Amino acid sequence: MTTPSAIELPGPRDPFVRKVRAGWRSLTGGSAIRDSERATLIACSGGADSAALVLALADRSPTVAHVVHDWRPAEEALADRDATRALAEGLGLRFFERHVTVRGQAANIEAIARRQRYQALGAMAEECGLRFVATGHHADDQLETLLLRLCRGAGVHGMRGIAPRRALGAVEVIRPMLGVRRSQCEALCARCGYVWRVDATNMDTARARAALRRRVLPPLLEIQPQAIENSERVARQMRRAAAHLHEQAAALLESSEKGAGCLTWQRATLRASDEWVLGQMLRLAALRVSGVHGADRRGARPVGACVRAIRDQKGGRRELTWGGVRVVIEREMVMMKEDA
């Protein structure tokens, strides 16, 4: 483990530091506020990416946080925690930790661990009176995310990639390093004398992201060296397209007649709308009617079947269920209600 005395902070004119700080300031209020008002908690795993973020912002007095979960061997998980704490204490920064339990869950353990990690980070930020939680996601992560989602057949919303910011309860998650590469994070850590931790699960090619990183990206980058930089531009364009789609879908949703636990539309109105707008509107409507978390993120198969049924020329009554809702389609009318 790197000893605190071995760590040397980068200078403020370091190109990496300048770029990361510019991203951090842009996401935390711009030039209108002072750095001292950008109260930030940095989620740090002890790896090169998040450690580089800590090093780049260290003299801005961030708080460092680490989440320990039990799906990895305890010895490895606690060693990561200890390395992160040593980094924070060596830089004179506050350090907080939380432990979460995911072992024994029947569902996707990675997804559960990620959700609980963010919940823990949000709770620590709120307890410390901090407005922002900064993570170490970078440009390589963005390309990996887009490629994985493309392979899964993601739509416009999925192809938005990793968002630069998103709400997390009373705080906001920010990602100020989407404009830098993994290799740059590692180079900064090396210059500063920090020996970063390596999570063995990131080397396990039985996991899709690790396999993509080790087997697919090297030859891809030989063919197109600018793929990583280009991925963030594509994600930015898709975020704009998704926002435009959402606006139109929200307007179509508001055209509904609101009843007790249900929404109703004239079928002709829905038929006349663009099928992508209609699909997104149905997702928004499902969230409003059911109140089920994630109802607005249902996949293309159930939503597409509903869109096709609404737009076809068949009469008679049909009922489709998905996402905690029941959609009733009649000759002149479409109604959505909670699926009891």
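Predicted model: local features only at pLDDT ≥ 70, side-chain atom pairs only at ≥ 80, totals over all residues.
You'll find Thr 28 in the loop that runs between helix 1 (15-27) and strand 1 (40-43). Is Thr 28 buried or exposed? Its relative accessible area comes out at 2%, and the cut-off for buried is under 20%, so Thr 28 counts as buried.

What does the side chain of Thr 28 do with its polar atom? That polar atom lies 2.6 Å from the backbone oxygen of Trp 24. And if you skip the neighbours within four places in sequence, Thr 28 is in contact with Ile 33, Arg 38, Phe 132, Arg 165 and Ile 174.

Now over to the helices. Helix 8 covers residues 227-254 and helix 10 covers residues 275-290; their axes come within 8 Å and cross at roughly 60°. The crossing of helix 8 with helix 10 is right-handed.

Which residues make that contact? From helix 8 we have Leu 245, His 246, Gln 248, Ala 249, Ala 250, Leu 252, Leu 253 and Glu 254. Helix 10 brings in Trp 276, Val 277, Leu 278, Gln 280, Met 281, Leu 284, Ala 285 and Arg 288. Sort the residues of this contact by class and you get eleven nonpolar, three polar and two charged.

That's my tour, thanks.

Note on methods. Residues numbered from 1 in each chain as written. Heavy atoms only, no water. Helix = DSSP H or I, 4+ residues; strand = E, 2+ residues; numbered from the N terminus. Buried < 20%, exposed > 50% of the residue type's maximum accessible area, 1.4 Å probe, protein only. Polar contact = N/O pair within 3.5 Å; in protein donor to acceptor, adjacent residues only side chain to side chain. Contact = heavy atoms within 4.5 Å. Axes fitted to C-alpha atoms, helices over the stretch in contact; angles between N-to-C directions. Left-handed = near helix turned anticlockwise from the far one by under 90°. Nonpolar A, V, L, I, M, F, W, Y, C, P; charged D, E, K, R; others polar.
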